[in-house]
Amino acid sequence: MVAVNLWSGLRRFTDGAEVVEVEASTVGEVLQELVKAHPGLDPVIKAGVSVAVDDEIVQRALHHPVRPDSEVFILQQFRGG
Amino acid sequence: MTRIPTRTHVTTTVNGDPVDFLADPRETLLDCLRDKLGLTGAKEGCGTGDCGACSVQLDGRLVCSCLVLGVEAEGREVKTIEGMAEGNDLHPLQAKFIEHAALQCGICTPGILVATEALLKKNPDPSEEEVRYWLAGNLCRCTGYDKIIRAVLATARDLREGV
Amino acid sequence: MALDNKTDFKYIGTRPERPDGLDKVTGKARYGADAYAPGMLHGAVVRSPHAHARIVRIDASKALALDGVKAVVTRADFAQDLEGEDWNLLENTIAGEKVLYDGHAVAGVAATSALIAKDAAKLVDVEYEVLPHVTDVDAAMAEGAPVLRDGAADHSVPDGLHPNVVRYTEFGRGDVEAGFAAADLVIERSFKTEAVHQGYIEPHACLAQLGTDGKGELWCCTQGHWFVRRMCAALLGLEATQLRVTASEIGGGFGGKTTVFIDPIALALSRKSGKPVKLVMSRSEVLKASGPTASASMDVKMGMTKDGKLTAATGTFRMQGGAFPGAPMDMTTMLAFSCYELDNVHHEGFDVMTNRPKQAAYRAPGAPMGAFAVESVFDELCEGLGLDPIDARLKNAVKEGTRSSFGPKYKAVGLIETLEAAKAHPHYSAPLAENTGRGIASGYWMNWGGETSVSLAIGEDGTVQVGVGTPDIGGSRASMALMAAETIGIPYENVRVNVVDTAALGVNEPTHGSRATYASGLATIEAAREAIGKLCQRAADKWGIDVDAVEWKDGAAHPSGPNAGDFEPLSIAEIAGEMGSTGGPITGHHDASPTGFGGSFGTHIVDVHVDPETGRSTVTRYTVIQDAGKAIHPDYVEGQFQGGAAQGIGWALNEEYIYGEDGRLQNDVFLDYRIPVASDLPMIDTVIVEVPNPGHPYGVRGVGETGITPPLPAIACAVSHATGHRMTRLPMSPPRVLRAIQGKGVS
């Protein structure tokens, strides 16, 4: 299982959990499983998030590998000027 | 509704060449240079004389061509950025601006070069403060002016020393 | 992609002349408004004079009756089935049922001359039913404030907030109350910043041609022509690849040219009239109806021990982004405390709609406001505890392995290096004149990768062309050419870099997020490496040896290793000269969404003199110190540092959007919206720190945006020290500073 760190504003959609454990080996699976576990997250993921895996901000690289001991953060979507 | 625009035939000299065009009395010299003579080096950044991107010389005087009407060019001499180099020989200011990286996006560059050429004619040995005040009517948003001021001062020094 | 750890660069780090320099100093370079087409019409836009009103009726009959008028378009001429951000974009491009701000586009007109188009625009009769409006962020959140649009709030907004609050965020970690209890000094302050404009000197301009067959050509000044293609295709109901977009030379963007305003209107006018249409904004239109940045209202609280260690920090950031969702509260919150190691930290952000134009990105969007609040409180803590502000920052500064305030740990970053360089800089210890204060502040921008596609081809003479999709705003063609020259081992002058149109490459994100030199540069290097592989293969074939026994160095193939044999090196020109008969053209290509972008930290030192009689502030000395990872062309790295500082100085001291009681913009020309001029500024000293980015072969970090983040707080701290009054409101215009000096507050 991968522990996924959410930002605390999302606790409303996850029954209060700020860390959600999912079975996943890629970023795409992480996002998929998050929505499966907590359907309230669906509009959040659809609206766009940035994902960090082991300190690398991989944006939306769905194919990016995730290990069981990876540190995964779901972050607000980045924008630039 | 039918409206027959009254246009004025303007005969003038631009960068030493005789030219003529038909101008609506409301049209600016800037629009006439750009749209009728194909001289698009002068830019419109504001249309109100605040940014200097449209700077040209009219009878040797530095003006914002967006504040001059096309019909006012009748019988006068206009000099634009396109007339600054002699053939393929760049004016020393032009060469120094490239060398000093005194431009980023480059949209203000023609106006600043035209304005600076006028300054150095008037004052071959300007102080940094004099350059800054002379160029206060030429807005640049990219560079913070640092490299522009350095390029102008370096050109003035070279010209004085005959480099 | 990993760092090469190469240090013996031949071309990188040199300062050659930029390839577009000659065209730009002679007036030949073609910008947005410099294009013409046979049979071309000129467009003009009809705009709302009201801040908020219902459109009752649009009657274009008088305009259409004018000789020379060929088409009028309204909302009905655009796609009808849009939702989400596409709908927002269309609604902002051309109003539907309501106008939402002063300057909101209502209709477009095309005519045979610009003067006729302008006359015709005045003849379009629009009947409005004026509605109550709100333009201030705090007022827009208050009970009873006029609602811009019911149901605009997304899933993130908890119940009970005003309908103008359309997005909300909250995150943090640790126990902030325990943290504050452990502090020797806690400071809590409220701050406010006004909206400012990117202030690019080139107004938006385009030349559009669109047929009823759905095929189109668009020439425009933009930071990203693939973005323009996607947006225009959506708004006009086109297939993306049927619209070819060419980016002109661009006269500044700073984030403001990453979206569309007039391009879809020009395309609709062209489709309706059957002719090419040129459309150029006036400066007043740019200020009223393009995308300025957000304004902010913020509360920040921080605690520190007497030896300078931060114990806790909280921040609430309310951002106003105009009449649509999108104020950058996400970046403001994530970056506000990004410089510091904090176990106890909490952020709250609000995205608030008002009757103002839809905000657009502006250089490090959202970051400068948060830095202004946080760095100001940090400075006040140092002042209260008698600590040196650089020493105190060094005690808390993030480094490789520190957990960021927003979650992940940092990789190699250079904040400590910039602080140490600042401390060692003569500016920091120089004596101060009377009525002059010194300010220090640090800032961060995390940078960006994004979709990137680059093609490289070898010419028959061994020179190289590179096609990139990121418009060159500040000299990036020179940087790409340097990276290609370095990789292939040929002179810089033998490489020509072109910004190509949307038909020539896969999707490229714009030149934004400080990504161009990083991402297009990385793809240029990879494309060059692919071409080198092919060049080596041609040499191996010629020599009849295995390609593994061929080494590429100094622009030539060399036999390498014990069994390679003894052959004279083959230069790139020799291989290229024969390519037609050795297998055909030789190219390299690279597509990626690279993720190894490294963020850039900076620290600024500024001295500001304040005239006690008038409250006028003058920047007397300025030093920018920033981590570039590896400076490819140092002149243009310095240029980014200096430009960011100058824009920050304008934001801090002068610039602001001023709305009247009637909700109309009061300062819509450069005379009144006053950006810094040459006589306002001193020379801006720069120090380039190089802590290589581990995610780029040559260590590059984007440098464009960080530079606007420290100036707001650095200048505010300097003015505070000069006057003895803590400045918590921007801009620090003379009347506001004078009120502070006279003890009448800072609001």
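Two residues are in contact if their C-beta atoms, placed from the backbone, lie within 7 Å. Helices (H or I, at least four residues) and strands (E, at least two) are DSSP runs, numbered from the N terminus. A residue is buried if 20 or more other C-beta atoms lie within 10 Å of its own, exposed if 12 or fewer, and partly exposed in between.

This is a predicted model, in which local features need pLDDT of at least 70 and side-chain atom pairs count only at pLDDT 80 or more, while totals for chains, interfaces and linings use all residues. Residues are numbered from 1 along each chain as its sequence is written, and chains are lettered from A and ligands numbered from 1 in the order in which they are written.

**Helix α4 of chain C**

Helix α4 of chain C covers residues 114-123, and its buried residues are I116(C), A117(C), D119(C), A120(C) and A121(C). The elements that cover these buried residues include β1 (41-47), α2 (61-65), β3 (69-73) and β5 (105-111) of chain C.

**The chains and their contacts**

Two pairs of chains touch, and the most contacts are between chains B and C. Chain A and chain B are joined by no contact, and their closest C-alpha atoms lie 14 Å apart. Where chain C meets chain A, 35 residues of chain C and 23 residues of chain A take part. On the chain C side, β7 (165-173) and α10 (329-336) each give two or more residues. The largest share, five residues, comes from β7(C). For the classes, Ala, Val, Leu, Ile, Met, Phe, Trp, Tyr, Cys and Pro count as nonpolar, Asp, Glu, Lys and Arg as charged, and the others, Gly among them, as polar. By this division, the side of chain C that touches chain A has 15 nonpolar, twelve polar and eight charged residues.

**Two domains of chain C**

Domain bounds come from an automatic or database domain assignment. For chain C this assignment gives domain 1 (21-29 + 449-592) and domain 2 (366-447 + 598-741). The centres of these two domains of chain C, taken over C-alpha atoms, are 38 Å apart. In chain C, 14 residues of domain 1 are in contact with 16 residues of domain 2. Both α15 (476-488) and α16 (516-543) of chain C supply at least two residues of the domain 1 side, and α16(C) gives the largest share of that side, five residues.

**A nonpolar core and residue I715(C)**

A nonpolar core is a set of buried Ala, Val, Leu, Ile, Met, Phe, Trp, Tyr and Cys residues joined through C-beta atoms within 7 Å. The largest such core has 318 residues, of which V109(C), A484(C) and I715(C) touch the most other members. The element that gives the most to this core is α16(C), with 13 residues. In soluble globular proteins, nonpolar side chains tend to be buried together. Apart from neighbours within four places in sequence, I715(C) is in contact with G439(C), V606(C), V608(C), I649(C), A652(C) and L653(C).

**Paired strands**

Two strands pair if DSSP finds at least two bridges between them.

| Strands | Sense | Bridges |
|---|---|---|
| β24 (600-610) and β25 of chain C | antiparallel | nine bridges |
| β25 and β26 (684-689) of chain C | parallel | six bridges |
| β1 (8-14) and β2 of chain B | antiparallel | seven bridges |

Strand β25 of chain C (residues 617-627) is mostly covered, with nine of its eleven residues buried. In this strand, Y622(C) is the bridge partner of V606(C), and Y622(C) also has I684(C) in β26(C) as a bridge partner. β24(C) and β25(C) form a hairpin with six residues between them, and G615(C) in the turn has a positive phi of about 80°.

In chain B, five strands make an open sheet in the order β2-β1-β5-β3-β4, with mixed pairing. β2 (17-23) and β4 (61-64) of chain B stand at the edges with a single partner strand each, so one side of each is left without a neighbour in the sheet. V10(B) stands opposite F21(B) in β2(B).

**Residue G450(C)**

G450(C) is placed in the loop between β16 (436-445) and β17 (452-458) of chain C. G450(C) counts as buried because it has 25 C-beta neighbours inside 10 Å. N508(C) is 58 residues from G450(C) in sequence, yet their C-alpha atoms are 7.6 Å apart in space. Leaving aside neighbours within four places in sequence, G450(C) is in contact with E509(C), G513(C), R515(C), A519(C) and S593(C).
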